[in-house]
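Have a look at the model first.

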Amino acid sequence: MFDPTSLISHFGLLAVFGTAAVEGDAAVITAGVLVQRGLLPMWPVIAAGMAGGWFSDLLIYHLARRFRNHHRTVRVVVSVRKWRFFNAIIGYPMLLALAIRFMPGVRTAGPVALATATDISPLRYTILTGIAAFIWSLILVLVGQKAGQLIAKMFQNIDVPEYLEVGVPVAIVLVLTVFAIRKWRRRIAGRETS
């Protein structure tokens, strides 16, 4: 018989890492709900969320540094330079490195701009984004725990099978991840045709 709690306890932290790297916020909040349910331990979930978010930031940054003269990288930097906000904050690369993790709209463009348009060193970027990823993961896991408590209060008098209690948050993360990937692919396809 299918046992979702066993699956989550065996592969949950790896799933948190992977989905935090690809999708981000919704995945870590859902992991917080699973922490509240007692299916995953809190501090390892925070560490896995931090590592996933940090990994994606560092990957984008180092790829942008390596391919700074590639036409796609140049196109991202040119498009980012059109944003007034970004032009104002690019003069403060350390602040931007800390803030990128909390700004979903610039999580790809921010590291690319920092890698190509500023003189922030890779070591400094790594340290700052590590700090930001820890704070980000901690906040989102705590938000997920509170959401889990609210969900538990809403359904406290209703007998819901455990596979639904666990399956619904997991399904939500999967659906959000699929939508995020599709949106990203459409955006990439639109850039290549223009």
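Predicted model: local features only at pLDDT ≥ 70, side-chain atom pairs only at ≥ 80, totals over all residues.

## Before we start

A residue is called buried under 20% relative accessible area, exposed over 50%, and partly exposed in between (1.4 Å probe, protein chains only).

Residues are numbered from 1 along each chain as its sequence is written, and side-chain values use heavy atoms, leaving out hydrogens and water.

## Two salt bridges

The structure holds two salt bridges, each meaning a side-chain nitrogen of Lys or Arg within 4 Å of a carboxyl oxygen of Asp or Glu. One joins D25 to R107, with the closest N and O atoms 2.9 Å apart. D25 sits in helix α2 and R107 in the loop between α6 (93–99) and α7 (109–117), so this pair ties together parts that are 82 residues apart in sequence. Helices here are DSSP runs (H or I, at least four residues), numbered from the N terminus.

The other joins D57 to R101, and here the closest N and O atoms are 2.8 Å apart. D57 belongs to helix α3 (residues 42–66) and R101 to the loop between α6 and α7, 44 residues apart. Both D57 and R101 are buried.

## α2 against α8

Back to α2: which residues of α8 does it meet? Contact means heavy atoms within 4.5 Å, and on the α8 side the partners include W136, L140 and G144. Among the α2 residues taking part are D25, V28 and G32.

Conventions. Helix = DSSP H or I, 4+ residues; strand = E, 2+ residues; numbered from the N terminus.
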